[in-house]
Amino acid sequence: MKNLALENRAIKFDDVVGQKEIVKGIRSKIVTNSLSNVLLFKGPTGTGKTTLAFLTAMALNCKNLQADGNPCCVCDSCKSIINQSFNRDVILFDGSTLSAKSEVIDLFSTIDSPPLFDKNKVIIIEEADQLSEGAKNSFLKIFERRLNNVYFILLSMKFKGIPDAIQSRCQVYNFSYLSIQELMFALKNLLEKENLWNSSEIPEDFKFAGLGLISSLAKGSLREAVQTLERCITEKIFDNEGITKIVQGVDEATVDAILGKIVKKDLSFVEDILEYKDFFEIYTLVYTFVQKVIIYAKTSYSSSTSDYFNKKLAYYANNHFPLFNSLLAIFDEIQKTNFIYGKSASLNFVLKVLSLLEGDTQQLKRMR
Ligand SMILES: Nc1ncnc2c1ncn2[C@@H]1O[C@H](COP(=O)(O)OP(=O)(O)OP(=O)(O)O)[C@@H](O)[C@H]1O
Ligand SMILES: [Mg+2]
Ligand SMILES: [Zn+2]
């Protein structure tokens, strides 16, 4: 079972999970040919923005659009989107890389020529909030014009990432977090589709308690829920504790144990970090916590709503600020050397930690 999330991208409006009002609206506008030319899909990660952008593009260009607004999924135009070759009139851009002026000019010069293969040109911009200022201005000018047979679909995870001037020219669709029920239902459907629902591979209680837990830990994202499910099945993890560990990655107890060793200057914490099953994960977690302690020590600011977490922050900030402050310097050094991408033990790293615990960050700087 490989990459369920991507292999099961919805290719009919009926297959979209949740986002009912959005689907209904787009579908009926497709049927009545009244969809506005500039759409903005805004919302959290993994909730169907890209999926629905592809579907909308399919419906706009399908050679045999169904009466109910669904694309046929078999014509050349539909197929080029389903297999993501994008070699016809649907073009996919990434806002974070579409920044060079020449690229933007190229893009806009294609707008004036008619579509080559299909009814419409559809330009999908992922991460539209990351467009350069220049690109945003160019878009603004384009959106003021009358657009014939050209559609733009801008996608953004940020609530405020797109300037009001642009938003006011878009039909804005706000995507919501998917509910636990919607996620559970989608996971059940997926298992049925993969012929796993009735297989002996999957314990009965996992089908309800397990899927429920996966869904409640997925932060409203179907992508996240499906990825967790995939790991549960491939690693045969069906108990609640195991599922929670998969989602949270590193369990809190491990981070706590490492911090405890750091403040006791117990060097074996280096080993704990290096030996952990996912070095990058634990490194990031410890590093993030160290940063939070420093911010808390300086400003008393915490973004957490958990009392337990805030108490922990306060404890380390009040009692171990100097140590954490030099830890931060060490972590910065490590990052500069790009060590974290190596994912393996490095003598340099151990030396740096040693000299930190000697309390000599000056020496550390000289060592580099
Ligand atoms: N509402 C949904 N309906 C059907 N499938 C969905 C939905 N949301 C997510 N998925 C599934 O999760 C995967 C990720 O969804 P998609 O790429 O549409 O999310 P997104 O909102 O664009 O996320 P991001 O902001 O991270 O790009 C898809 O491959 C799809 O299988
Ligand atoms: Mg997306
Ligand atoms: Zn079609």
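A nonpolar core is a set of buried Ala, Val, Leu, Ile, Met, Phe, Trp, Tyr and Cys residues joined through C-beta atoms within 7 Å, where a residue is called buried if 20 or more other C-beta atoms lie within 10 Å of its own, exposed if 12 or fewer do, and partly exposed in between, with the C-beta atoms placed from the backbone. The structure is a predicted model, in which local features need pLDDT of at least 70 and side-chain atom pairs count only at pLDDT 80 or more, while totals for chains, interfaces and linings use all residues. Residues are numbered from 1 along each chain as its sequence is written, and chains are lettered from A and ligands numbered from 1 in the order in which they are written.

The largest nonpolar core holds 59 residues, of which L39, F41, A57, I153, L154 and L187 touch the most other members. Helix α3 gives the most to this core, with eight residues; here helices (H or I, at least four residues) and strands (E, at least two) are DSSP runs, numbered from the N terminus. The core also draws at least three residues from each of domain 1 (4–174) and domain 2 (180–248), the bounds of these domains coming from an automatic or database domain assignment.

Strands are said to pair if DSSP finds at least two bridges between them, and β1 pairs in the parallel sense with β4 (residues 150–156) over five bridges, F41 standing opposite L155 of β4. With β5 (residues 171–174), β1 pairs in the parallel sense over four bridges, and the bridge partner of L39 in β5 is Q171.

Six of the six residues of β3 are buried, so β3 is largely enclosed by the rest of the structure. K121, I123 and I125 point one way from β3, whereas V122, I124 and E126 point the other way, and all are buried. Another five bridges join β2 to β3, again in a parallel arrangement, and in this pairing V90 has V122 of β3 as its bridge partner.

N87, in the loop between α4 (76–82) and β2 (90–94), counts as exposed because it has 10 Å surroundings with 11 C-beta neighbours, and its C-alpha is 9.6 Å from that of F117, although the two residues are 30 apart in sequence. P114 lies in the loop between α5 (101–112) and β3 (121–126) and, with 10 C-beta neighbours inside 10 Å, also counts as exposed; its C-alpha is separated by 8.6 Å from that of N148, 34 residues apart along the chain.

Of the 19 residues around ligand 1, T45, G48, K49, T50 and T51 come nearest, a residue being near a molecule if its C-beta atom, placed from the backbone, lies within 6 Å of it. The elements that give two or more residues to this shell are α1 (4–7), α3 (49–61) and α10, and α3 gives the most, with three residues.

Helix α10 (residues 222–234) has 13 residues and reaches 18 Å from its first C-alpha to its last, close to the 18 Å expected at 1.5 Å a residue, the expected span being 1.5 Å times one less than the number of residues. Its buried residues are L222, E224, A225, V226, T228, L229 and C232, and α10 is followed by K236, whose phi is positive, near 50 degrees.
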